[in-house]
Amino acid sequence: MQNDTERQDLRRRIKEAASSQDAGTAVTLARRLLAVSGKPADVMFCATTFTGIADALTSQLRAKRLKTYIVRSVTIEPILPFLTTEAVLSNYVLDMSIGGYGSYVDELLNPQSALAKFKPNLVFILLDLEDIAGRLPALCADGIGDAVEAEIGESVARVEHLLRSFRSGSSARILFQGCVVPDQTSLGDVGEANLPHSLTNAVYQLNQKLAALCRTISDCVFFDVDHLAARHGRANWRDARMFFASRLPLSSASFGTYAAGLVRSFSPLFRAPRKVLCTDLDNTLWGGVLGEEGPEGIATGSAFPGNCYLEYQRHLKQLSSRGILLAIISKNNDADVREAFQIRAADLGLTLEDFVATKISWNEKEASIRELAEELSLGLDSFVFVDDNPVECEAIRQQLPEVAVIAAPVEEPWKLVDLLSAQPFFDAAVVTDDDVNRLNEYKAQAQRAELASSAGNRDEFLASLEIVCTFLSALDAPLARSVQLLAKTNQFNLTTRRHSAAEVEAFASSPGGQAVAIRVRDRFGDAGVVGLALARTEGDTCSIDSLLLSCRVIGRGIETALLAHLGENAIRAGATRLVGEFIPTKKNAPCADFYVDHGFLQDATSRDASTDSIFYQLDLTTAAPESPRWLTLEGNESNEFSASAVVAS
Amino acid sequence: MSSQQVPSSLRDILADVLEISPEEVTPELGVGTIDNWDSFRHLQAILAVEGEYSVQFDPSRIPELTTVSLIQAELIAKGATL
């Protein structure tokens with residue numbers, strides 16, 4: 001009853017917040033309502049409320065608004081309110097349109113279909129096993145059938161045809177759902193487990209092949225719904241009654257889990273993962289307080305409870321191996337911590353070398369995080385903070401709201417890894433070589449900073465770095481890296497357009513188009529592909545659609561080299577005028593004067609009233625930009641085909 | 001029948017699902033009497049009611065439970081406490 005009073009009270013306050021279009025309050029309260037109740041009716045109430053404040057969500061919370069089309073062969077309608085709600089809780093507003101049950105083939109193949117006309121940003125493809133590989137249950141019935149593999153191959157080929165055909169006409173992001181392994185079959189559990197071509201084995205294999213297919217389609221993720229079903233419990237995942245009566249693939253008790261899984265799965269297509277995990281030491285990285293118990297007294301290693309901490313350390317090490325930077329933020333004596341890492345090395349899953357930085361002092365942690373963000377040239381929204389002290393956690397939540405905070409459970413250290421994994425912070429559908437090398441690159445940056453303080457003038461310092469820039473096609477960056485840069489570069493990004501892979505391909509292949517990536521190395525290391533520019537020459541004008549550079553290489557003239565390269569290609573394509581565009585955002589002030597600094601004149605006449613765009617232009621016949629002397633350039637002639645394409649067109 | 005009150009728990013669920021105010025949920029309200037109550041909304045309503053009262057309706061009965069009072073009667077027949 002207590003619960004119900006609280007529930008009614010929250011609903012009343014959500015309604016009030018919604019009627020005054022206060023999106024932040026409405027979402028915060030909705031989160032609380034769903035934590036206390038989670039009844040289907042409350043989820044529907046939230047969905048209706050959110051739909052009513054969609055504009056406020058977009059404008060006040062900067063929720064990403066996505067035109068979403070659902071291609072399906074099953075009933076999905078009762079799940080939609082759950083999807084709407086989960087999406088808003090992850091800061092997306094989905095404007096949804098649903099396809100017909102039987103028309104999914106036509107929708108994906110026909111360029112005049114409802115799907116094509118809808119021009120979505122995001123497409124879910126939710127098909128049943130019956131539609132993807134309907135003959136499998138029969139072919140697998142004896143568990144040894146030799147036609148099974150061929151059937152799987154044909155099924156995947158059919159799906160491939162659908163996906164490629166759709167991709168050729170649309171740059172929408174795609175979520176393709178796999179199949180759920182059937183819970184009960186005529187072979188029984190023993191037969192399913194032991195026979196080579198049981199349905200269970202066949203569906204696993206099918207899912208693996210579908211996932212491999214999705215990796216070859218740009219901007220496409222495979223949604224492993226079977227994994228979700230297994231976690232939730234297969235026995236409760238489906239309600240056979242509703243599947244047979246209404247073709248509803250899930251029990252109503254699974255709607256929430258399913259919707260959350262869908263949102264978490266598509267999210268990496270639109271959002272870059274966080275990059276830094278800051279961990280506390282005492283009662284977080286190890287058990288106990290180092291200052292009180294000494295290096296021998298802290299809990300870590302193979303025995304309980306030390307093994308819970310060891311598990312957390314190993315988890316961090318795994319994150320680090322795919323490019324998540326680790327940092328220590330701890331109130332301790334630096335010398336004590338160094339001693340502990342030395343004495344307990346055999347019991348620790350990490351060494352100090354695994355950390356990009358350590359902030360071990362008695363300073364406020366908020367100040368340490370700010371300092372670290374500055375040193376690494378990363379935004380605070382790239383940070384995750386893990387600490388057992390509730391006061392420290394609250395301080396960071398209030399003072400640095402962009403930072404994601406995880407409170408380490410002191411009394412239940414075995415829960416920390418699960419708590420961390422349950423969060424989508426570090427989700428990435430693609431990992432590139434640049435991610436893997438990131439730790440070394442950031443460490444090199446610290447060394448460069450040291451050299452900068454010893455070198456005399458700036459040019460001399462930059463020359464001493466022996467920087468080499470290599471230009472390459474954005475398609476060979478590889479393309480996934482180019483899209484990643486577009487998705488996550490904020491500070492030095494002139495237009496902040498989050499283009500998809502297909503859109504980058506369009507720049508690379510269209511007449512007069514340029515899609516150039518830049519790779520940078522110096523005597524301290526290889527920074528990898530760190531910059532990208534997209535431009536298009538039409539007639540005598542080359543317009544720069546996007547130009548961006550990872551902030552860790554700003555200030556070395558690399559941005560100028562990129563601009564000069566665009567200019568040269570534009571001249572070759574017949575342009576006499578270079579037009580730059582700047583769209584101000586909260587974060588890109590560092591590059592606001594980029595075009596003016598390079599001799600461009602602001603063009604007041606072509607200001608686009610519908611956007612915040614500011615345009616600049618430069619006469620290429622008299623003032624073409626030049627690359628700084630201290631840079632060595634490679635691959636300068638590689639972008640020939642765009643010039644020849646202009647000649648051909 | 002029209003004098004009969006709709007129990008508040010049932011009334012609130014249906015109001016949420018149908019996106020109407022609880023006062024509009026009368027015993028006579030049903031599929032087709034308002035635009036919002038179409039066949040998909042009907043499925044949503046049934047699932048929400050099932051979840052709330054921890055009952056399961058016979059699928060062949062579901063299309064017949066076309067008004068608030070019919071749903072209410074079926075719930076009582078299933079032994080639910082309204």
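In chain A of this predicted model, five strands form an open sheet with parallel pairing, in the order E2-E1-E3-E4-E5. Strands are DSSP runs of E with at least two residues, helices are runs of H or I with at least four, and both are numbered from the N terminus; two strands pair if DSSP finds at least two bridges between them. Strand E2 (92–98) and strand E5 (220–223) of chain A stand at the edges with a single partner strand each, so one side of each has no neighbour in the sheet. Within the sheet, strand E3 (residues 122–126) and strand E4 (residues 173–177) of chain A pair in the parallel sense over four bridges, and A:Phe124 stands opposite A:Leu175 in E4(A).

As a whole, chain A contains 31 helices and 18 strands. Of its 649 residues, 43% count as buried, that is, with 20 or more other C-beta atoms within 10 Å of their own, the C-beta atoms being placed from the backbone.

Twelve residues of chain A are in contact with 16 residues of chain B, contact requiring C-beta atoms, placed from the backbone, within 7 Å of each other. Helix H3 (40–52) and helix H15 (240–246) of chain A each give two or more residues to this side, and the largest share, five residues, comes from H3(A).

Residues are numbered from 1 along each chain as its sequence is written, and chains are lettered from A and ligands numbered from 1 in the order in which they are written. Local features need pLDDT of at least 70 and side-chain atom pairs count only at pLDDT 80 or more, whereas totals for chains, interfaces and linings use all residues.

Terms used:
A residue is buried if 20 or more other C-beta atoms lie within 10 Å of its own, exposed if 12 or fewer, and partly exposed in between; C-beta atoms are placed from the backbone. Two residues are in contact if their C-beta atoms, placed from the backbone, lie within 7 Å.
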